[in-house]
Amino acid sequence: MATAAKIGIGSAINRVDGVEKVTGTARYAAEHPVENLLYGYIVEAAIAKGRVLSVDEDAARAVPGVVEVITHLNRPHVAWTDHSYQDEMKIPGSPFRPLYDDRIHFSQQPIALVLAETFEAARYAASLIEIAYETEAHNTDFDVALDDEYVPKKKRSGYVPPKDRGDAAQAFADAPLRVAGDYRLAPEHHNAMEMFGSTVEWHGDGSITVWDKTQGSQGVHAYLASVFGFSKKKVRVLNPYVGGAFGSGLRPQHQVFLAVLAAKMLERSVRVTMTRQQMFSHAYRPQAVQSIALGAETTGKLTAIRNAATTSTSRYEDNMENVVTWGLMNYDCPNADAEYTLAQIDTPTSADMRAPGAATGMTLFEIAIDEMAYAAKVDPLEFRLINYSPIDAMNGTPYTSKALREAFREGAEAFKWSERSAEPRSMREGNELIGWGCATGMWDAQFSKTSASAKLSANGHLEVACATSDIGTGSYTVMTLVAADTLGLPPEQITAKLGDSDLPAAPVEGGSWGAASSGAAVQLACQAVGKKLLKAAGKIAGEPLDGAKIEDVLFEDGCIVLKDTPTVRVPFGDAMRAADLTEIEEEATAAPGFGDMWKGLHKSKNTHSAIFAEVRVDEELGVVRVTRIVDAVAAGRIINPKTARSQILGGVVMGIGMALHEETFSDHRLGRWMNHNFGEYHVPVHADIHDIQVIFVDESDPEVTPLGVKGLGEIGIVGTAAAIANAIYHATGKRVRSLPITIDKILE
Amino acid sequence: MSTAVNSATYAAMPIGRVPTTLTINGQTRTRAIEPWTTLLDLLREGEDLIGTKKGCDHGQCGACTVLVDGRRINSCLKLAVTLDGAEITTIEGLGQPGNLHPLQSAFCDHDAFQCGYCTPGQICSAQGLINEGKARTRDEVRELMSGNLCRCGAYTNIIDAVLDVIGEQA
């Protein structure tokens, strides 16, 4: 029998939510139509630290259409304990409580919300509010805060303390070759294209529906129930489409708090959106300084790694990242030590941003590694192979898989690395100096307990559902492909549902665990449906499958097929009719440890990448163009090569931003971000992006996660900026140790 | 018959309104519009044409790009009352599910988006670029699409999609 090519795991298909996105019919948080809507506009603190003495609202209230001005003085009751405000991604400390009292913890803190019948009236009225402050001394200067760096007492969940080995201090002192320096990363803001927004529908019976820009509907659901005292059944949170987030939507942001607060107080539906400027009033990637000291033999063999980093956090929470562990894990070196501290500044708490910790710590480390390669007069790629560690060198454990060597080989070949001339400033074309650099990237292959349901109807339609999110990552498509693969149905007959707190439990989408986790849950649920189908087929008169067990059959083209006798095929509909079933619905939970995962229990689980970059630097003007990137990624099994490639492209583009453009500047006198808009916070634009080639190297890994998937959301950014920084050195002979590498640093 | 925008609430507003005739996606109507309402907010809040996105409200990101008399503009920088008599095309007017515009199809086939939020603006901008008739090469398209930011970093795929359509029309 002729069958169409099976579409399943590994098929490069178009994003299943693509048509909605290209026709403008996909509705994001602030776009759900609700009757009788009030618009909220946020008023922010103009000082960095102190108290609100008074709020003059008279002029604002006089604006026609203004309904209410909410401040800490007139807000309804909300929870007060830290515990009540702790979200799924909680950070040790005392979470920020919006409009709680008169205290100001950071500039741009929300201190009032104006509600009006139109957006324009709310915005105008907000501009008329006069606030009197009592100011206190603040500090937003990270370099000043470094004097008071500290090791937090309580560790954040997921934080891995570095493990020292050998005697790194002595080995560094004894090393024939030494490289040491301070490497820096500027604060960065996520700046997803969709601004934070929430639409709250007030149903009048004490229940609310909330469309929120978040990476986790159930996280926000739990937060709202806890903070406002809603019974969990009275709140439903939806995020079917999320216009990017990159970590900024892991924790509930204050617009959802304010929108629900207003809805509850006024008993009306409310929409609150942040402005682009207000997008700088919360999450950002912490500023970092990393002191790296490397010792090596003259052959290029590393003998000492010393890696100490400090990142910025707020006064009220200790945001910790895994910054210093990566270099210790990745390189074979007998002596290594590391240290990680925080420094507090008067800003909102820093936050996870794409590959938190690794994008900082691995990237900066890879610049130092490049310096040592030059010190040893060894090709930078060869240097990495000399010091290659097949095992996790920090923990002494094997990896479930590590195809980094293959990534180096395939990447180098595609890039034509062998044609590189070794000396800096040795390649040029016209007035442009050309440089080639490389770096290693690394991230965790994570897995998180996730549930999913699968519902098969007698007409052959399958619906799979999970409360995970699709923040542009392709979750809808991943769920569809896994379901198609498991039950042998074409994608057109499958609907994936996500982004709804009522659906089977899923964590926030982040950390690159989404595809591995929700994919595994969908597979389990579909397998359970398959078993029910087989049982139903047993009721067919004459038992065409002859009592076959689940391992004796496969699911193909909507039929149960005998593996040994593929001509015996029972359509799903026939089986269901025989058993008098109109639908089969199953729910399953994928938790860490099942399948072959137990074999990987004591192994390290990571993705790796080899990044090669070409830059062209205008010798007189210092303008850098990144003309070519090859990123060879070892990330286990690839579910959809098309969307997977896009994930890596996106990470690389953000890495180009990290290398050349992105930096949020503070005016320390005002304690306020200065460039809080897209005109002055530069992200890469079309003209900045040239040729990017993505390679997925073969890496079979049944132990890492049930589907062998490692995740791709973060790995594309890790190390990319280092490859570019290293290429800039190769082009110019100028070593810049602080990112971004702006023109002034090249010309100085 | 002229219908007020978002009828009841806007009608209650005493700041004054200006009768403005707009043709939006082929439909001509005269609306009474407040002078402080941008074309972007009119489309999104008044007409429920939410395909036009708000990404900065300051003309810095391009997410709100629409075509006015065939030219691409940032709708956040245009007060709606200044467009009396204009013909406006939004993403909803370019093509619909089941009836995709060639650019919309090309964006799907090239995976020229991830989160999708900048996408309608990119597509409208690309149509405007095609109307201008001056971009032919990859470098030219890159340069002339640079007013449309994409934070997911789909740039290379977007250019591939646009070049595909330009190539077909050439």
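Author: A:Q108 sits in the loop between β4 (103-104) and β5 of chain A. The model is a predicted one. A:Q108 is not a glycine, yet its phi is positive, at about 75 degrees. With a relative accessible area of 1%, the residue is buried; the cut-off for that word is under 20%.

Another non-glycine residue with a positive phi is A:K416, at about 65 degrees. A:K416 belongs to the loop between α12 (404-415) and β17 (428-429) of chain A. Its setting is given by a relative accessibility of 47%, so A:K416 counts as partly exposed, whereas A:Q108 is buried at 1%.

A further backbone feature is the peptide bond between A:L739 and A:P740, which is cis, with omega about 0 degrees. A:P740 is placed in the loop between β31 (738-739) and α18 of chain A. Helix α18 covers residues 743-747 and contains A:I743. A:I743 has 38% relative accessibility and therefore counts as partly exposed. Together with A:L621, A:V623 and A:L747, A:I743 makes a nonpolar surface patch of about 340 Å².

The side chain of A:R251 meets that of A:E317 at 2.8 Å, N to O. A:E317 is buried at 3% relative accessibility, and A:R251 is buried with a relative accessible area of 17%.

The loop between β11 and β12 (288-296) of chain A holds A:H282. A:H282 counts as buried, at 5% relative accessibility. Setting aside neighbours within four places in sequence, A:H282 is in contact with A:H189, A:F196, A:Q253, A:H254, A:M274 and A:P348.

Salt bridges are also found in chain B and between the chains. Over all chains the structure holds 51 salt bridges. In one of them, B:E47 pairs with B:R31, and their closest N and O atoms are 2.7 Å apart. B:E47 lies in the loop between α2 (39-46) and β3 (65-68) of chain B and B:R31 in strand β2 (residues 27-33), so the bridge ties together parts 16 residues apart in sequence. B:R31 is buried, with a relative accessible area of 4%. A network of salt bridges links A:R123 with B:D41, B:K54 and B:D57.

The remaining topic is a pair of helices in chain A. Two packed helices are described by the angle between their axes and the distance between the axes. For α10 (residues 358-375) and α17 (residues 720-732) of chain A, the angle is about 30 degrees and the axes are 8 Å apart. Their crossing is right-handed. On the α10(A) side, the residues that meet α17(A) are A:T363, A:E366, A:I367, A:D370 and A:Y374. On the α17(A) side, they are A:A721, A:A722, A:A725, A:N726, A:Y729 and A:H730.

Helix α10 of chain A also contains A:E371. A:E371 is buried, with a relative accessible area of 12%. Apart from neighbours within four places in sequence, A:E371 is in contact with A:V179, A:Y183, A:R735 and A:R737.

Note on methods: Residues are numbered from 1 along each chain as its sequence is written. Chains are lettered from A and ligands numbered from 1 in the order in which they are written. This is a predicted model: local features need pLDDT of at least 70, side-chain atom pairs count only at pLDDT 80 or more; totals for chains, interfaces and linings use all residues. Side-chain values use heavy atoms; hydrogens and water are left out. Patches are made of residues with over 30% relative accessible area and no salt bridge: like charges are joined within 9 Å, nonpolar side chains (Val, Leu, Ile, Met, Phe, Trp, Tyr) within 5 Å. Accessible areas come from the Shrake-Rupley method with a 1.4 Å probe; for residues, only the protein chains shown count as cover. A salt bridge is a side-chain nitrogen of Lys or Arg within 4 Å of a carboxyl oxygen of Asp or Glu. Helices (H or I, at least four residues) and strands (E, at least two) are DSSP runs, numbered from the N terminus. Buried means under 20% relative accessible area, exposed over 50%, partly exposed in between (1.4 Å probe, protein chains only). Axes are lines fitted to C-alpha atoms, for helices over the stretch in contact, and angles run from 0 to 180 degrees between N-to-C directions. A crossing is left-handed if the near helix is turned anticlockwise from the far one by less than a right angle, and right-handed if clockwise. Contact means heavy atoms within 4.5 Å.
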